[in-house]
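Work through the exercises below with the sequence and the model side by side, trying each task before reading its solution.

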Amino acid sequence: HCLSRKDIDPDALRILYRLTKSDYRAYLVGGSVRDLLLGITPKDFDIATDARPNRLKKLFRNCRIIGRRFRLAHLHYPPDKIIEVATFRSSGESDAIVREGDLIRRDNVYGTPGEDARRRDITINALFYDVRDFSVIDYVGGIDDLRDGLIRTIADPVKSFREDPVRLLRVLRHGSRLGFRLEEGTREALCAEREEILKANPTRLLEELYRDLCHGKARPFFEALHEFDLLRIMVPDLAPHLDGSDSDDEDGDGESYFERLGRLDDLVRERGVASHPVALAVFLSPFILPVARRLAERSAPHPPWAPFEEVLQPVLRNLKIYRRDEDRLWRALGAWTRVAKAHRRSAVPKALAARHYFPEAAEIYGLLAPRDETLPRFLEGVRELPPPDPPPAPQRRRRRRRRSGAPHTGDPRTGDRAERGRRAPRRDAGAGERRGG
């Protein structure tokens, strides 16, 4: 094989060497092995080992244990690199696995390398690289499928999709990214079981969508989702906007939904990873563009993002979008009319350029605004501006400290408290007579 240690991340190599020196088995695993065999630079490097999470915590000071369904170790390196280390999982038949019908809810059960390989989603993602003898270990026929350009589930595809519906997306992701075809049984099961995607954990589903939207592979992935009718199931409100272009719509600009996703991919390849608000704006562009055009014909309301919020809120609620991403999206969309005015005048006011949301607002405008010859020059000028002020830190409400010592009410000699909201009665027998007199 062509896999070489010089192509592996140095920190990942150090982890492998430390684990093997501590008498543990440790392999480079998954997508990194697949990509290295295909001559592609891996995006990340994952490791599988027989060391348990609590042992990993003792071996590595930079280790953080995460996960509820299955415990994982994240090893943090500067500036923001994370290498994931997982303990080999069991075969999937253990009594300790928590199931809801066919759906696996928790499977924090450890096993052997062979069992771990057979628990993975597709064959080309179940290859191990052993740094001790530089061998590639294949338990499931992944090398043959890699040579044939084939996407095949390891287990029975129907059972596999029912156990973890997110695998429906992962099969299409790898097929669209690599240009591989789906094995016939996998294709038939995907068409038959696509409604299972509604049972997936919403947080995992959102992370899977972000993975393709923000990393330059949005158009082929979402075209595959549309081809197999998964996009309509996941986001029903998008269905009327997916076929053809928007030119027949009174608010349309003649550009198809997938062409806008392709423009987002171009931006990522040119500028790096897109932020979540920018990716969401393109993903939800069929709802945003009509509102933006109406705002261009009248003065901006207060708050300026209110019309966008009214239209988008039901869709965002259905997708379980994080609150922080939602807030950033409202700020960026609220600046649409001001960015459009700056574009027409070819000058950005200093007050607008200093706003922390201005870069995202400008990128969203550049992706969704009608094409003209002045727009690229305007965006280049915006990118050359000095970075804006950071966003304000959230105000934390200070809790009042509880005073220690004897209570203010009640008998100071016995420490008995008076009833809440009432003052303790005075013990002077003649007090009432003196007040009455």
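**Exercise 1. Describe the open sheet: which strands form it, and in what order?**

Solution. Seven strands make up an open sheet of mixed pairing, ordered E3-E4-E5-E2-E1-E8-E9; here helices (H or I, at least four residues) and strands (E, at least two) are DSSP runs numbered from the N terminus, and two strands pair if DSSP finds at least two bridges between them. Strand E3 (63-66) and strand E9 (135-138) stand at the edges with a single partner strand each, so one side of each is left without a neighbour in the sheet. On average, neighbouring strands of this sheet are turned by 35° against each other, direction ignored, where axes are lines fitted to C-alpha atoms, for helices over the stretch in contact, and angles between N-to-C directions run from 0 to 180 degrees.

The model is predicted, so local features need pLDDT of at least 70 and side-chain atom pairs count only at pLDDT 80 or more, whereas totals for chains, interfaces and linings use all residues. Residues are numbered from 1 along each chain as its sequence is written, and side-chain values use heavy atoms, with hydrogens and water left out.

**Exercise 2. Trace the partners of strand E2: how do E1 and E5 run against it?**

Solution. Begin with strand E1 (residues 26-29), which is antiparallel to strand E2 (residues 46-49) and joined to it by four bridges. Within this pair, Leu28 has Ile47 as its bridge partner, while Val29 stands opposite Asp46. Helix H2 (residues 31-38) packs on the sheet, touching E1, E2 and strand E8 (127-130), and its direction makes about 60° with that of E1; contact means heavy atoms within 4.5 Å. Then turn to strand E5 (residues 81-87), which pairs with E2 in the parallel sense over three bridges, Thr49 having Thr87 as its partner in E5.

**Exercise 3. Find the backbone exceptions: where do Pro79 and Phe134 lie?**

Solution. Recall first that most residues other than glycine have a negative phi, and most peptide bonds are trans. Pro79 lies in the loop between strand E4 (72-77) and E5, and a cis peptide bond with omega of about -5° joins Pro78 to Pro79. Phe134 belongs to the loop between E8 and E9, and its phi is positive, about 60°, although this residue is not a glycine.

**Exercise 4. Judge the confidence: over which residues does pLDDT stay under 50?**

Solution. The pLDDT, the predictor's confidence in each residue from 0 to 100, averages 84 over the chain, and 81% of the residues score at least 70. One stretch that stays under 50 is residues 247-252, for which the model has five contacts beyond four places in sequence. Another is residues 427-437, where the pLDDT is below 50 and the model shows four contacts beyond near neighbours in sequence.
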